Amino acid sequence: MQNNDSYQERSKRFFTLQQTPDLFAPATEEDKAQQVLTKPSVSFFKDAMARLRRNKLAMLCLGIIIVIALVAFIAPIIYPYSYTKQDVTAQYLKPFEYSAKEQAKIAKGENIFPHIMGTDNLGRDYAIRVIYGTRISLMVGFIAAVIVVIIGIIYGSISGYFGGKVDLIMMRIVDIIYSLPDVLIVILLSVAIKDIVSQSKNELVIKLGAGMISIFIVFGLLYWVGMARQVRGQILSIKEQEFVLAARASGAGARRIIFKHLVPNCISVIIITAAMQIPSAIFTESFLSFMGMGVSIPMPSLGSLASDARIGLVSHPFLLIFPALTIFLIVLSFNLLGNGLRDAFDPKLRN
Amino acid sequence: MSSRFLLYLLKRFGMAIFTIFLVIALTFFIMHAIPASPFSAEKALNDATIRALEAKYGFDKPVIVQFFNYLGNLFHLDFGLSTAWVGKTVSELIGDAFGYSATIGLSAAIIALTLGVVLGAFAALTRGRWPDKIIQVVTTALVSMPSFVVATLFLLIFALRLRWFPTMGSQPGGLVLPIISLSLYPMAYTTRLERSAMLDVLGQDYVRTARAKGLPRPKIIYKHALKNALGPVVTYAGPMMAYILTGSMVVENIFAVPGLGRLFVNSMMRTDYMMIMGVTIFLATLIISLNLLSDILYKLLDPRIDLR
């Protein structure tokens with residue numbers, strides 16, 4: 001039977017005009033094996049993630065961020081001290097030092113958890129305060145990223161997709177928002193809503209404080225413009241491609257084209273811009289807390305801890321160094337991870 | 001100057017003025033949305049006194065009338081009367097404080113830009129070798145440190161421990177630490193911008209041509225490469241001033257400099273609404289104008305940019 005001809009032999013005869021019936025015979029198992037891809041197809045996203053995984057520094061930073069986040073969210077549950085508990089007998093303890101009362105307890109054979117970072121001027125355990133501050137910083141960074149991504153994508157994609165007059169007006173608005181001094185507006189807003197917040201009965205509102213609420217309002221109002229610009233630029237450059245035309249020809253509406261076809265192609269720009277936005281959000285929050293306009297006391301933030309540490313700075317430099325080091329580590333890790341993401345998702349930019 | 005450039009200038013000026021107007025309106029209406037009267041923070045005053053005070057400051061009129069009065073007064077730089085510093089106008093207080101902030105801000109900006117460009121260009125020229133690596137590590141660390149952390153650390157190390165500089169900004173030499181701590185972040189950022197811009201330019205054909213025709217290396221660098229690698233730095237100059245001016249608020253408080261930032265924070269503590277509005281509008285106008293300036297400068301430097 002001619003059916004057992006191998007694939008190669010038959011393809012050699014391909015260009016001859018001899019059309020034998022065996023050319024139309026069903027494919028054998030061997031033939032089918034030729035069609036199987038030797039490697040799975042790699043999507044752009046997977047490819048970029050593989051590139052990111054090869055970047056040791058970025059992976060280290062990702063690891064640090066995960067560890068910090070885990071500590072910040074799990075430690076408060078199991079930690080024996082609370083961030084509000086004051087103890088006048090344990091003021092200004094050095095790291096791993098015990099107060100006289102605690103030493104007496106230890107002498108009696110009790111187990112006392114050490115103050116890893118010492119205590120502050122009111123005898124509160126400092127480590128748990130730094131951990132709570134870290135939690136605030138991470139939350140602000142995360143929420144900022146979410147707000148920026150949602151508003152930025154919607155605004156940028158509408159502007160880029162519809163183009164023309166719509167684009168012109170929408171981008172003028174972006175230009176104006178871009179030149180507004182954001183920090184000044186956060187400060188102004190937090191001054192303005194302080195009264196409203198202090199009279200509020202909502203527990204969450206009181207806990208967050210005027211500063212935090214105004215930070216989130218300002219993120220929602222002003223911070224997304226960078227993302228909107230990036231997304232718009234990307235969409236402008238891909239919306240003329242054939243697959244968009246094909247989608248339109250098969251009757252897809254604007255919303256479907258934007259969210260099914262255009263936005264997924266902006267993923268690298270979105271990831272890079274969001275990653276770059278996180279450190280700047282964390283900076284803004286700590287800056288405001290340092291000025292006394294962030295979270296409301298007794299809730300600590302890394303900024304307010306650093307600010308409080310100025311009292312008795314010479315004799316107790318640890319109170320400054322711990323929050324300063326923490327904020328440095330967080331922002332540095334996010335910055336380096338952001339660089340790694342940029343290199344992975346946009347290899348052209350690398351130099 | 002082409003007519004297209006004039007048109008561009010006109011458009012940008014119009015937009016800047018509109019933005020400033022927006023800031024004024026925003027500031028005014030946010031501050032007037034506060035239910036409490038500016039005098040309720042003071043010691044218990046009777047109603048008649050509060051009403052008399054409100055009449056004196058014009059707070060008894062409808063908000064819209066107050067707004068247009070305020071806007072009209074702004075045209076001759078009248079920001080109204082301070083409610084916390086009795087007998088002083090907001091303009092006087094801003095005028096007294098601005099000298100310090102301007103000195104700090106300008107010095108920090110000059111240090112950041114010159115050092116940033118020099119270090120960035122140097123890093124690009126020594127790409128991949130140790131000077132580049134050191135500069136990269138240091139600048140990466142510096143852009144991860146907020147100015148208030150740097151300032152407090154400097155206060156601890158150089159003023160309190162080593163006693164090289166005074167702790168108070170008003171003493172002689174007292175502005176050195178505030179200036180340095182404010183300039184580090186923008187300096188590092190400028191360095192990174194300049195480095196990547198320079199690397200980009202050095203890979204261009206015209207630089208290769210210059211090298212091929214035997215131009216000496218310094219001439220290539222100064223005449224051809226550096227000049228063309230300044231664009232991103234110039235556009236960053238505007239946002240940088242915004243960073244320095246707002247960062248100055250915190251740094252002035254750390255070093256007790258009697259500048260605008262300290263005035264602003266004090267007026268917030270004392271809920272002096274006229275002061276808060278005045279300083280916000282003043283700083284915002286300054287920032288928007290500097291942004292405009294750096295944009296126009298960028299267009300002047302690089303005529304290839306399309307003027308839209």
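**Reading the model**

Residues count from 1 along each chain as its sequence is written, and chains are lettered from A, with ligands numbered from 1, in the order in which they are written. Because the model is predicted, local features need pLDDT of at least 70 and side-chain atom pairs count only at pLDDT 80 or more, while totals for chains, interfaces and linings use all residues.

The model scores ipTM 0.82 and pTM 0.83. Chain B has a mean pLDDT of 84, with 93% of its residues at 70 or more; pLDDT is the predictor's confidence in each residue, from 0 to 100. Where pLDDT is low, the predicted coordinates should not be read in detail.

**The two chains**

Let's start with chain A, which has 15 helices and zero strands. Here helices (H or I, at least four residues) and strands (E, at least two) are DSSP runs, numbered from the N terminus. The radius of gyration of chain A is 29 Å, well over the 20 Å that the globule rule gives for 351 residues, so chain A is more spread out than a compact globule. That radius is taken over C-alpha atoms, and the globule rule is 2.2 Å times the number of residues to the power 0.38. A box of roughly 100 × 60 × 40 Å, taken along the principal axes, is filled by the C-alpha atoms of chain A.

Chain B has 12 helices and zero strands. Its C-alpha trace spans about 85 × 60 × 30 Å along the principal axes.

**Where the chains meet**

How many residues of chain A are in contact with chain B? There are 31 of them, and they touch 39 residues of chain B. Two residues are in contact if their C-beta atoms, placed from the backbone, lie within 7 Å.

On the chain A side, the elements giving two or more residues are H7 (164-178), H8 (182-199), H13 (267-290) and H15 (318-345). H15(A) provides the largest share, eight residues. By class, this side has 24 nonpolar, four polar and three charged residues. In this scheme Ala, Val, Leu, Ile, Met, Phe, Trp, Tyr, Cys and Pro count as nonpolar, Asp, Glu, Lys and Arg as charged, and the others, Gly among them, as polar.

**Helices side by side**

Two packed helices are described by the angle between their axes and the distance between the axes. The axes are lines fitted to C-alpha atoms, for helices over the stretch in contact, and angles run from 0 to 180 degrees between N-to-C directions.

| Helix pair | Axes come within | Crossing angle |
|---|---|---|
| H8(A) and H9(A) | 9 Å | roughly 140 degrees |
| H6(A) and H9(A) | 9 Å | roughly 30 degrees |
| H1(B) and H12(B) | 10 Å | roughly 160 degrees |

Angles under 35 degrees count as roughly parallel, over 145 as roughly antiparallel, 65 to 115 as roughly perpendicular and the rest as oblique.

With its angle, H8(A) is oblique to H9(A). Among the residues meeting there are A:Ile185 and A:Leu189 in H8(A), and A:Ile206 and A:Val218 in H9(A). This contact divides into 13 nonpolar, four polar and two charged residues.

H6(A) is roughly parallel to H9(A). Their contact includes A:Val140 and A:Ile147 of H6(A), along with A:Phe216 and A:Tyr223 of H9(A). Its residues are 10 nonpolar, one polar and no charged.

In chain B, H1(B) and H12(B) are roughly antiparallel to each other. Their contact has 16 nonpolar, five polar and three charged residues.
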